[in-house]
Amino acid sequence: MEKNMLENLPEDLHSILLDELVQNPFMGVNITNGEGRVLFLNKTHYKITGHPPELYIGRTMKEITDDGLISESATLITLSTKQPTYMSQISSHKNRFFQVTAIPVTDSTGTIKYVINYLIEVSDLVELRNQLNDAYSHNQELMNNNELLRKKLNRSGELVYQSTVMQNVVEAAAKVAEHDVSVLITGPSGSGKEMIANLLHSHSSRSNAPFVKINCAAIPEQLLESELFGYEPGAFTGGNPKGKKALIESAHTGTLLLDEIGELPLNLQSKLLRVLQNHKLRHIGGNKDIDVDFRLITSTNADLKGMILQKTFREDLYYRLNVIELKVPGLEERREDIVVLINHFLTISNAKHNTTKTYQKEALHYLTSCNYPGNVRELQNIVERTVVMSSGVIITLADAQLAAGHLRPIFQENLPTDTLFTDIENGKCLKDLVAEYEKWVLGQFQKKYKSGAKMAEALQTDQSTISRKLTRYHISSD
């Protein structure tokens, strides 16, 4: 039918139509002979592949493919199969992508005389597809990570954060948890080291086995050895006549957490080291070894390296404990988490005390601006105190200040409230007032954080914004 339609065209249109089709600005054309040797290329072929004609004309497509100019040859496939070929190709020039259709032209005996290749560039489509795929993959990764951390790593629901620095700790813990190595968790008191330990255990292969937690500072020194290592019946006067199983022994096949490891006496440090080396322990008064298999997690707020120099902590034990170290930041290093922690603890306290209290805006602002030496634990206590001690449904600024006691907002000093009302009385406009307050805030944060990057993270904005505003207000930055 098509042939008949062409025959109906006037003769003078045949050459015009052929020229227009061959020199189509949107479609490349590559014509080879029956041996795959290139006879003709149109201008669009150069535009699509980025290869000048002299790289093709007179050469075979096999030579061109072997040189790496294209990823694969549709012509060679067509010569082999004697069928039309449809495929995607990549040019060596700037990773250009194009679709190719190779059509064989045969003689009366079925022998291929020519192969006509039509090329259509799809680089923009491929780039768009890759961007969409990357965005989808990134979104899925975030969703999977969030689901993993929410359901599997944090079953207790007590690990709450939004800061990047805490996210990094949690992600590191997620990776480490899968490997059966000793982990040392360091950080200031009240920062949430036990929550990280819970996370490590719950995401490990030992999650269904016992998780034994021992606070080395909470047990009197004279009892610590018998609690940790157990004893045989009659081992000493006043002991249980049936003897006592070791807490370490109770962690067999599971996880052992030794909190405040820096408080472990030197004589027990050497005994613990032997257990870690041999995977065996011996009860006090016993004469046989007991096999123990556990994953050890230790935590401390002490400077163990300093204690090693002072000869109060064994260096060989330190390196046994510190295969992996996870440093949990204090609340001062993750101030952007304070507001989400306050809301989280408020929900818990309301449920605990059967209340439905909320914070007055000024009260919440006050609590989020305070510094907390006791970190997350202190913040939790203060939030519960506001719920218990406040008389109304709304927790006021006065209630928050009473509950916080000795705490003061970290930027309270030099707060420009004294001049604020004077400025208003003098008729300053809102724009000028906001600019002056913004300049003061940036100055305070610059004194505290020194660098633009840290300021940007603390103020939850991008570094370019901070840099631009520091320049505008002539505030020097390190």
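This is a predicted model: local features need pLDDT of at least 70, side-chain atom pairs count only at pLDDT 80 or more; totals for chains, interfaces and linings use all residues.

**Strands, pocket and cavities**

In strand E11, serine 299 is the bridge partner of aspartate 259. E11 covers residues 295-300 and runs parallel to E8, to which five bridges join it. E8 itself spans residues 255-259. E8 also pairs with E7, again in the parallel sense and over five bridges. In that pairing phenylalanine 211 stands opposite threonine 255 of E8.

How enclosed is E8 by the rest of the structure? Five of its five residues are buried, so E8 is largely enclosed. In a regular strand, side chains alternate between the two faces of the sheet. In E8, Thr255, Leu257 and Asp259 lie on one side, Leu256 and Leu258 lie on the other, and all of them are buried, which leaves both faces covered.

E7 and E8 also take part in a pocket. Each supplies at least two residues to the lining of the second largest pocket, as do helix H8 (193-202), helix H14 (338-353) and helix H16 (375-389). H14 gives the most, with four residues. The volume of this pocket is about 540 Å³. Its lining consists of 26 residues, and those nearest the centre are Gly192, Lys193, Glu194, Met195 and Arg377. Sorted by class, the lining holds ten nonpolar, eight polar and eight charged residues.

A further sheet is built from other strands. It is open, has five strands in the order E2-E1-E5-E4-E3, and is paired in the antiparallel sense. Strand E2 (38-41) and strand E3 (85-90) form its edges, each pairing on one side only. On average, neighbouring strands of this sheet are turned by 25 degrees against each other, direction ignored. Within the sheet, strand E1 (residues 28-33) and strand E5 (residues 112-121) are joined in the antiparallel sense by six bridges. Asparagine 33 stands opposite tyrosine 114 of E5. Helix H5 (residues 74-81) packs on this sheet and touches E1, E3, strand E4 (97-106) and E5; the direction of H5 makes about 145 degrees with that of E5.

Rolling a probe the size of a water molecule over the atoms shows where empty space is left. How many cavities of 30 Å³ or more are there? The count comes to two.

The largest cavity has a volume of about 80 Å³. It is lined by 14 residues, of which Asn30, Met61, Ile70, Gln89 and Leu119 are the closest to its centre. By class, the lining of the largest cavity has seven nonpolar and seven polar residues, with no charged residues.

The second largest cavity holds about 30 Å³ of space. The residues that line it are Ala177, Glu178, His179, Asp180, Ser204, Ser205, Arg206 and Arg295. By class, the lining of the second largest cavity has one nonpolar, three polar and four charged residues.

Note on methods: Residues are numbered from 1 along each chain as its sequence is written. Side-chain values use heavy atoms; hydrogens and water are left out. Two strands pair if DSSP finds at least two bridges between them. Axes are lines fitted to C-alpha atoms, for helices over the stretch in contact, and angles run from 0 to 180 degrees between N-to-C directions. Contact means heavy atoms within 4.5 Å. On a 1 Å grid over the protein atoms alone, a cavity is a set of points where a 1.4 Å probe fits but cannot get out, and a pocket is an open set with protein on both sides within 12 Å along at least five of seven lines; lining residues have an atom within 4 Å of a point. Grid points are joined across faces, edges and corners, and a volume is the space filled by probe spheres set on the points. Ala, Val, Leu, Ile, Met, Phe, Trp, Tyr, Cys and Pro count as nonpolar, Asp, Glu, Lys and Arg as charged, and the others, Gly among them, as polar. Buried means under 20% relative accessible area, exposed over 50%, partly exposed in between (1.4 Å probe, protein chains only).
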